[in-house]
There are 2 protein chains.
Amino acid sequence: MSELRQDPISGQWVIMAPERAGRPDDFERESGARPQGECPFCAGHEYLTSTPLLELPAHPTTRTGWQIRVLPNKYPAVSSNVGQTFLSADSPTPAFGQHEVVVESPQHLLSVTQLEPQQFADVVRVYRDRLRTLKEDRRLRCALVFKNMGLAGGATLQHVHSQIVALSTVPDRLRAELCGSAEWLKRHGSCPYCAMIAREQAEGVRLVAETESLLAISPYAARMPYETWILPRQHASQFEDLSDSAARELAGLLQRVLTPIETVCGSGHHSTVAYNYLIHSAPFDTPPCDHYHWHVEIIPRMTRLAGFEWGTGWHINPVTPEAATQRLRKLLGQVD
Amino acid sequence: MSELRQDPISGQWVIMAPERAGRPDDFERESGARPQGECPFCAGHEYLTSTPLLELPAHPTTRTGWQIRVLPNKYPAVSSNVGQTFLSADSPTPAFGQHEVVVESPQHLLSVTQLEPQQFADVVRVYRDRLRTLKEDRRLRCALVFKNMGLAGGATLQHVHSQIVALSTVPDRLRAELCGSAEWLKRHGSCPYCAMIAREQAEGVRLVAETESLLAISPYAARMPYETWILPRQHASQFEDLSDSAARELAGLLQRVLTPIETVCGSGHHSTVAYNYLIHSAPFDTPPCDHYHWHVEIIPRMTRLAGFEWGTGWHINPVTPEAATQRLRKLLGQVD
């Protein structure tokens, strides 16, 4: 059982999760990647994992029985299975929540850029559908969908997958965004993300790509080289309200911008690429609101967080978002 | 020239430092480490670096002319050389400060645990003396001494060295500690670090080692496996007020606890070990205060920050500080 602890001075929260020490690790094997024959996420190896929480049946043309599977994480950081042992006043605080894995293909692929567009559109729909289901559990206040890609991205298995963590508390990062955006609304009378969209469209220097209803930008205060955000043009606070067609459009744009990002931050091989992407969405119990705007943050992991970042809480980014935009647009074939 | 940017919503600060993209990197060379013959920090290669800010002459017994050198960082994240170009209202904010490198041996050693005790005591004295000098510059409000050890620790050169960054602003992490500790003092009537020392001594389960005037503990909400803090028993807010004998004692305890940490987080070879250590000290312009207590944080870098940490601002630690203490004490030979 994981335990939640807070530093009494800095306020930093930490989940103590001793069970996770036993995780398998494709990347730390001396001999390189795990033999594909042992991958627990591949079709045919379903006996290695528990009963799925959701299984999308395969298209009739494929040979496997399923197309996407959502599994309970075998090494959960948080757990909904909190017993009666924690009821005394001075007992540890259990880390309550639900931790799931989305297996995004029955085949041993490494990146979502290798998926058929329809397959990835279905993956994004599955993210949304899981959030809709988790939202029904009144004990859960919010959920984070995230992808760990590559060793430096924190992945332990190479087979293409994402994770969903639902929590009973709003975590610090989301709380900071909610407070900061509410503050902005009060001062400026608009959603700060809507203001950002208007500014980036007008200025153009940080505009990476756009579709009918979405924008991909390099954020003004990008923490990492080639950090890219995708935002819906139209104000919406909750990702789980996404329509099927918007899910398809988001999947398409994500694949489109991840392709040059993988070129820039890997040596052309998917096994060397490292990034995270995260879906930021308002808590389940927030009524649709004027200040918060759901979005996807793509965070390439080319630079390492060192002592300076640990000591200050600041980031150092050697590639300005304006230079990153130029390079990504060039790779996208949008400029000479 | 580096530029300081703040995310308007989350409040996150980022230093845009395009100059740092050109840094050399011992770890990213395909062929492994840089040939020792090219190391800019080795004795005999002084022509590769600029004029030192401080140079400790060698003991007469050694063959080199110097023992420790403090150099201006060749790829600074912040700079004190801010020109007149930034004076208009809408111009970028320059990242003002001073960025230095402390070369801790004339020999090509990799870790401070390889230094003679007297040599490392002199290194700690140099940290202190540089802070005393930087404090005289009224434009600088605080300084952070930190060590990046190993690839995952963010080091780019292997030759044993640390860094000092002095800033004109109090960074977020230090600000959070100052606010949190002032808040604690108001509520409980004591310095929270002094309270922590009393508790850890009484309970013992997170007490790693102790000397006459210092304590090494695994903090209650450790963010990383084997994270270890060193604190002076006697309340003191400013590291730069350290006496010579206290500097010697600190160097000794740091070497003593870093030895088992290097065993635990490396495979016994210094080139595979990764950690950071950081000296947390009150800002220069804080009068000696009752709530803040200088300390050293050692942060081993065995786990990677993944999507969960980026999305929540929380950490996941698979080794509880109680288990970490047991293991470190065993390696220190203090228990069976």
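**Exercise 1. Determine in which sense strand S7 (residues 142–149) of chain A pairs with S12(A), and describe the surroundings of S12(A).**

Step 1. In this predicted model, S7(A) and S12(A) run antiparallel and share 5 bridges. One pair to locate is A:Asn148, whose bridge partner in S12(A) is A:Asn276.

Step 2. S12(A) is also joined to strand S13 (residues 295–300) of chain A, by 6 bridges and in the antiparallel sense. Here A:His280 has A:His295 as its bridge partner in S13(A).

Step 3. Next, consider burial. A residue counts as buried if 20 or more other C-beta atoms lie within 10 Å of its own. By this criterion 6 of the 6 residues of S12(A), residues 275–280, are buried.

Step 4. In a regular strand the side chains alternate between the two faces of the sheet. In S12(A), A:Tyr275, A:Tyr277 and A:Ile279 point one way, while A:Asn276, A:Leu278 and A:His280 point the other way; all are buried.

**Exercise 2. State which rotation superposes chain B on chain A, and describe the contact between the chains.**

Step 1. Two copies of a chain are related by a rotation about an axis and a shift along it. For chain B on chain A the rotation is 180°, the shift along the axis is 0.0 Å and the RMSD is 0.0 Å. The two copies are therefore related as by a two-fold rotation axis.

Step 2. Chain B contributes 58 residues to the contact, and chain A contributes 58 residues. On the side of chain B that touches chain A, the largest share comes from H2(B), with 7 residues. The residues of this side comprise 31 nonpolar, 18 polar and 9 charged.

Step 3. Of the interface residues of chain B, 100% are also interface residues in chain A, so the copies meet through the same surface.

**Exercise 3. Give the order of the strands in the open sheet that contains S14(A) and S2(B).**

Step 1. The sheet has 4 strands in the order S14(A)-S2(B)-S1(B)-S5(B), with mixed pairing. Its edge strands are S14 of chain A and strand S5 (93–94) of chain B, each of which pairs on one side only.

Step 2. S14(A), residues 315–317, runs parallel to S2(B), and 3 bridges join them. A:His315 has B:Val14 of S2(B) as its bridge partner.

Step 3. S1(B) and S2(B) are joined by 4 bridges and run antiparallel. B:Leu4 stands opposite B:Ile15 in S2(B).

**Exercise 4. Identify the residues with the most contacts inside the largest nonpolar core.**

Step 1. In soluble globular proteins, nonpolar side chains tend to be buried together. The largest nonpolar core here has 186 residues, and those with the most contacts inside it are A:Ile15, A:Ala143, B:Ile15 and B:Ala143.

Step 2. Beyond its neighbours within four places in sequence, A:Ile15 is in contact with A:Ser2, A:Leu4, A:Ala77, A:Val78, A:Ala95, B:Trp314 and B:Ile316.

**Exercise 5. Find which residues of helix H6 (residues 321–331) of chain B are buried, and what covers them.**

Step 1. The buried residues are B:Pro321, B:Ala324, B:Thr325 and B:Leu328. They cover an arc of only 100° around the axis, so they lie on the same side of H6(B).

Step 2. Their cover includes strand S9 (207–210) and helix H4 (244–265) of chain B.

Step 3. Just after H6(B), B:Gly333 adopts a positive phi of about 75°.

Methods. Residues are numbered from 1 along each chain as its sequence is written. Chains are lettered from A and ligands numbered from 1 in the order in which they are written. This is a predicted model: local features need pLDDT of at least 70, side-chain atom pairs count only at pLDDT 80 or more; totals for chains, interfaces and linings use all residues. A nonpolar core is a set of buried Ala, Val, Leu, Ile, Met, Phe, Trp, Tyr and Cys residues joined through C-beta atoms within 7 Å. A residue is buried if 20 or more other C-beta atoms lie within 10 Å of its own, exposed if 12 or fewer, and partly exposed in between; C-beta atoms are placed from the backbone. Two residues are in contact if their C-beta atoms, placed from the backbone, lie within 7 Å. Copies are superposed by least squares on the C-alpha atoms of residues with pLDDT of at least 70 in both. Helices (H or I, at least four residues) and strands (E, at least two) are DSSP runs, numbered from the N terminus. The arc is that of the directions from the helix axis to the C-beta atoms. Ala, Val, Leu, Ile, Met, Phe, Trp, Tyr, Cys and Pro count as nonpolar, Asp, Glu, Lys and Arg as charged, and the others, Gly among them, as polar. Two strands pair if DSSP finds at least two bridges between them.
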